[in-house]
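The following questions and answers concern the structure shown below.

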Amino acid sequence: MPASTPPPPGRTKYTRWHQVPDGLHTKTQLAERDPPLKPGADPVAQVLYHGNSCAPLYDLTAAIPKRRATPAQRAVLDRARELQYVCRRCGVRDDEPLGKGRWCMRCSYAVTMWEKHAQAQSLARELVADPAAVLLVVDTDPGGLPDSQAVAVVRIPDHQVLSTAEAGEYGTPERAAVVERLDVLLAGRRVVRECDLMGPTARIPFSLISLPREMLPSAAIAEHAWMSSEVLSVAGVWAAWYAWTDNPSSTLPAAPGYGKQIAWQRSPFLASDAQSMTELLHRIADGAEPVWEKARWLADGHGVPVTTGVHV
């Protein structure tokens, strides 16, 4: 509160500590007396400190004894203060208070990764239960696998192939016809795509209407919603489930090795590749897909995180 701001009615304002008369004290000053006291009435004045803050001042004659904690209460308070340094998940004691949640940094990372892992399973279950959900695989990379320039759409719940087509050359009527058919087939459906850079090819849907490393116009994304970067990718679901990261300070799951490990096949036969991805989503939904053996919640020796209750 600036010095120019008037005090509340009936309260004197002092702008320097040395101006405060004997008999007026702050709450802290009353509590530090022996025996400790606390205010017994409303403040009668205030003093400016730190330039723009005001501390209420209380009349010493109106103060009353401050109730002391019993030995049992002190023991509870001491125990609570001690627990602020102890991780409630693994029991490790830290040098600093752990704050809300009371997890050490290692457990905090583990729990965050596990939550993303669990979210991946929830997503997979939603997709498997959605009769209209489909998986789209697009391969138009001239430098990719031989004879693999094609498009495939597979229904996720039953792995049924709904469409396969040659992609055609960029800028040709054949390519435009493929895009138009996809617009019709994917309308109103939940679409998942491979959309990653793992393996020998980059199977990215918007490569159907743009050259490699070419910026996709926003108008094109608006016209063909299934090309949007917001569309879920099977690689992202699997990476979150698998829970690998090469950065000990990161809670972002990644696709390990960019081609060194994938959980589905990669071949010139896009329809069968897409079916292997829908099968992967089923395994994640069922909890049967393997998890990285060094996943945070496994490597720290405490298993699946418990998000409720106190361990110590």
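**Sheet, helices and confidence**

In this predicted model, five strands form an open sheet with mixed pairing, in the order β9-β8-β7-β10-β11.

Q: Which strands are the edge strands of the open sheet?
A: The order of this sheet is β9-β8-β7-β10-β11. An edge strand here pairs on one side only. The strands that do so are β9 and β11 (232-233).

Q: Which residue of β9 is the bridge partner of Ala 152?
A: Strand β7 (residues 134-139) pairs with β8 in the antiparallel sense over 6 bridges, and there Ala 152 is the partner of Val 137. Strand β8 also pairs with β9 (residues 161-166), again in the antiparallel sense, over 5 bridges. In β9, the bridge partner of Ala 152 is Thr 164.

Q: Which residue in the turn between β8 and β9 has a positive phi?
A: The two strands form a hairpin with 5 residues between them. In that turn, a positive phi of about 65° belongs to His 159.

Q: In what sense do β10 and β11 pair?
A: Strand β10 comprises residues 191-193 and joins β11 over 2 bridges. Val 192 has Leu 232 as its bridge partner in β11. The sense of this pairing is parallel.

Q: How many of the residues of strand β4 are buried?
A: Strand β4 (residues 45-49) pairs with β1 (residues 12-14) in the parallel sense over 3 bridges, where Lys 13 stands opposite Gln 46. It also pairs with β5 (residues 53-59) in the antiparallel sense over 5 bridges, where Ala 45 stands opposite Leu 57. Strand β4 is largely enclosed by the rest of the structure, because the number of its 5 residues that are buried is 4.

Q: What is the class of the residues in the contact of α6 with α7?
A: Helix α6 (residues 234-242) packs against α7 at an angle of about 35°, with the axes 11 Å apart, and the crossing is left-handed. Val 234, Val 237, Trp 238 and Trp 241 in α6 meet Met 277, Leu 280, Leu 281 and Ile 284 in α7. The contact has no polar and no charged residues, and its 8 residues are nonpolar.

Q: Is Pro 248 buried or exposed?
A: Pro 248 lies in the loop between α6 and α7. Apart from its neighbours within four places in sequence, Pro 248 is in contact with Tyr 109 and Arg 296. Its relative accessible area is 62%, and the cut-off for this class is over 50%. Pro 248 is exposed.

Q: In which helix of the chain is confidence highest?
A: The mean pLDDT of the chain is 85, and 90% of its residues reach 70 or more. Over residues 308-312, pLDDT stays under 50. Confidence is lowest in helix α5 (residues 218-223), at a mean of 77, whereas the highest value, 95, is found in residues 270-286, helix α7.

Technical notes
Residues numbered from 1 in each chain as written. Predicted model: local features only at pLDDT ≥ 70, side-chain atom pairs only at ≥ 80, totals over all residues. Heavy atoms only, no water. Pairing = 2+ DSSP bridges. pLDDT = per-residue confidence, 0-100. Contact = heavy atoms within 4.5 Å. Axes fitted to C-alpha atoms, helices over the stretch in contact; angles between N-to-C directions. Left-handed = near helix turned anticlockwise from the far one by under 90°. Nonpolar A, V, L, I, M, F, W, Y, C, P; charged D, E, K, R; others polar. Buried < 20%, exposed > 50% of the residue type's maximum accessible area, 1.4 Å probe, protein only.
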